[in-house]
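Q: Could you walk me through this one, please? I have not looked at it before, and I would like to go slowly.
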Amino acid sequence: MATHNATIERKNKSAILKLALGTEELKIALTEDNPNEVKSVFNKLLSTLKNGEIDFNLTDSTEDLYFHICKEYITQLNTELKSTYIELKDSGLLNEVE
């Protein structure tokens, strides 16, 4: 299983959850309602998951409301990623590793 970092970027009155996925950085705006952005992030996560099991670890030095929300979000995300990986494996939908 590959563990990736998650961080919170705070700017003015906005906050973004950033998921580092190799050289790519997936962003979910915490202060905006943008379902297409979230859908795009999950599509990329699903595509990556087909290559092997992944999870995220939140690293942040500020324990504010965003931290607590993201901590729970990452916990739920990791649970869903594990469950989805098992379903993909059971259905034979994982990419072949050479």
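Q: To begin with, does Asn78 count as buried or exposed?
A: Asn78 counts as buried because its relative accessibility is 19%, where buried means under 20% relative accessible area, exposed over 50% and partly exposed in between, with a 1.4 Å probe and protein chains only. Please keep in mind that this is a predicted model, in which local features need pLDDT of at least 70 and side-chain atom pairs count only at pLDDT 80 or more, while totals for chains, interfaces and linings use all residues. Residues are numbered from 1 along each chain as its sequence is written, and side-chain values use heavy atoms, with hydrogens and water left out.

Q: Where does Asn78 lie, and what is it in contact with?
A: Asn78 lies in helix 2, and, leaving aside neighbours within four places in sequence, Asn78 is in contact with Asp55 and Phe56, contact meaning heavy atoms within 4.5 Å. Helices (H or I, at least four residues) and strands (E, at least two) are DSSP runs, numbered from the N terminus.

Q: And what about Ile69, how does that one count?
A: Ile69, which is in helix 2 (residues 65-90), counts as partly exposed because its relative accessibility is 43%.

Q: At what angle do helix 1 and helix 2 pack?
A: Helix 1 (residues 35-49) packs against helix 2 at an angle of about 45°, and their axes are 10 Å apart. Axes here are lines fitted to C-alpha atoms, for helices over the stretch in contact, and angles run from 0 to 180 degrees between N-to-C directions.

Q: Which residues meet there?
A: From helix 1, Phe42, Leu45, Leu46 and Leu49 meet Tyr73, Leu77, Leu81, Thr84, Tyr85 and Leu88 of helix 2. The residues of this contact divide into 9 nonpolar, 1 polar and no charged, where Ala, Val, Leu, Ile, Met, Phe, Trp, Tyr, Cys and Pro count as nonpolar, Asp, Glu, Lys and Arg as charged, and the others, Gly among them, as polar.

Q: Switching to the strands, how many bridges join strand 1 to strand 2?
A: Strand 1 (residues 2-11) and strand 2 (residues 14-21) run antiparallel and are joined by 6 bridges, and two strands pair if DSSP finds at least two bridges between them. Arg10 stands opposite Ala15 in strand 2.

Q: What is in the turn between them?
A: The two strands form a hairpin with 2 residues between them, and Asn12 in the turn has a positive phi of about 50°.

Q: Which residue is the bridge partner of Leu19 in strand 3?
A: That partner is Leu26, and strand 3 (residues 24-29) runs antiparallel to strand 2, with 6 bridges joining them.
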